[in-house]
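The entries below are kept in the order in which I looked things up.

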Amino acid sequence: MGDIAGIQSMVADLTKMVDGPNPDLSKCKDLVNKVKIELVKCPELQPGAYLDSSESSMPLILARQTYEKAAGLSILCEDIDGFYRNVALLKDFYFDYSSILPPSESETLVIALQLLLLLAENQVARFHTELELIPEELRDNVYVRFPIELEQFLTEGSYSELLAAKDHIPEKSFAYFMNLLMETVRDEVAKSCESAFDELTYPAAQKMLNLGMPWLPTEAWKCVALDQGLAVPGSTADRKCAAFVLMGALFLSSQTRSLSSSSTAWIGVGSSRTQQYGL
């Protein structure tokens, strides 16, 4: 039988560690595993258990708090698979046990984070499926409303508004998934630039991709890049290709990565044409 008092103490320690400044991620993971082991010993969490009082629901509340902190820890560890696993477990508590458990203060935050991650992974269809499961009264919550508005920006093609939203996240835990979404959006903008422009200056490209840092062409770009922008001889298709290559270079530069053959996969340009432009 699980020691409820002991579990409560461990969950309190876990909360302090995960929510505190500069948490020790390794220690947090160890504590999460210890709490889960103790929770398994609680008869109230066994299959077919009958809950008929507020006292018998306490292990469920502690389990819910544990998985909420484990989800937050997954974000700190940049563990997307772990985040999805913890959210899947939390849905039982949020929906199946909603009639016997008091509401969780973290429910809307967890739901919103999952929606944001689905957008960041460009899983729009699954985003709408999950949105349908959310009660109407929760959709006006400040956390849940944030990814809903972002999805509207994506649908409308309002990339500038979406990029600007990065500076207005409602809670710090949104930052990691928001950065992932920015990469997805920049990818879509770059694809659009490939078809929309024959020539593109560096400042214009930086503005479109919302890159604040200056960027200068490397030695490898001298064959295609001039001081004021691109002026590539050849067919229209070649000029568009060069513009798209520049998009990839700007993105890679913003991530402090060097230009290499690995950039070919990201920018979506065939290897022969990439070699033609000095990569």
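My entries on this model follow.

**Basis.** I worked from a predicted model, in which local features need pLDDT of at least 70, side-chain atom pairs count only at pLDDT 80 or more, and totals for chains, interfaces and linings use all residues. Residues are numbered from 1 along each chain as its sequence is written, and side-chain values use heavy atoms, with hydrogens and water left out.

**Overview.** I noted 13 helices and two strands in the protein. Helices (H or I, at least four residues) and strands (E, at least two) are DSSP runs numbered from the N terminus. I found that 44% of the 279 residues are buried, where buried means under 20% relative accessible area, exposed over 50%, and partly exposed in between (1.4 Å probe, protein chains only). I then looked up contacts, defined as heavy atoms within 4.5 Å. Among contacts between residues at least 6 apart in sequence, 65% join residues at least 24 apart.

**Cavity.** Rolling a probe the size of a water molecule over the atoms shows where empty space is left. For my search, a 1 Å grid was laid over the protein atoms alone; a cavity is a set of points where a 1.4 Å probe fits but cannot get out, and a pocket is an open set with protein on both sides within 12 Å along at least five of seven lines. Lining residues have an atom within 4 Å of a point. Grid points are joined across faces, edges and corners, and a volume is the space filled by probe spheres set on the points.

I found one cavity of 30 Å³ or more, and the largest cavity holds about 90 Å³ of space. Which residues line the largest cavity? I listed V87, L90, K91, Y94, F95, V110, I111, Q114, E130, L133 and I134. Helices α4 (80-96), α5 (107-120) and α6 (124-133) each supply at least two residues of this lining, and α4 gives the most, with five. By class I recorded eight nonpolar, one polar and two charged residues. Here Ala, Val, Leu, Ile, Met, Phe, Trp, Tyr, Cys and Pro count as nonpolar, Asp, Glu, Lys and Arg as charged, and the others, Gly among them, as polar. Domain 1 (1-102) and domain 2 (103-196) each contribute at least three residues to the lining of the largest cavity; the domain bounds come from an automatic or database domain assignment.

I next turned to the largest pocket, with a volume of about 450 Å³. It is lined by 20 residues, of which V18, D19, G72, E171 and S173 are the closest to its centre. Two or more lining residues come from each of α1 (4-19), α3 (58-76), α5 and α9 (175-196). The largest share, six residues, comes from α3. I counted the lining of the largest pocket by class as eleven nonpolar, four polar and five charged residues. Why does the largest pocket lie between domain 1 and domain 2? Both domains give residues to its lining, so the pocket lies between them.

**Salt bridges.** Side chains of opposite charge can pair when their charged atoms come close. I took a salt bridge as a side-chain nitrogen of Lys or Arg within 4 Å of a carboxyl oxygen of Asp or Glu, and found five in the structure.

- K91 and E130 meet in a salt bridge at 2.7 Å, N to O. The pair links distant parts of the chain, with K91 in helix α4 and E130 in helix α6, 39 residues apart. E130 counts as buried, at 12% relative accessibility.
- K41 pairs with E38, the closest N and O atoms being 3.2 Å apart. K41 is partly exposed at 43%, as is E38 at 22%.
- E149 pairs with R145, the closest N and O atoms being 3.8 Å apart. Both lie in helix α7 (residues 142-156), four residues apart, about one turn of the helix.

**A63.** I located A63 in helix α3. Is A63 buried or exposed? A63 is buried, with a relative accessible area of 3%. Leaving aside neighbours within four places in sequence, A63 is in contact with L39, L45 and F93. The C-alpha atoms of A63 and E38 are separated by 9.9 Å, the two residues being 25 apart along the chain.

**I80.** I located I80 in helix α4. Leaving aside neighbours within four places in sequence, I80 is in contact with L117, E121, Y176 and L180. I80 and L117 are 37 residues apart in sequence and 8.5 Å apart in space, C-alpha to C-alpha.
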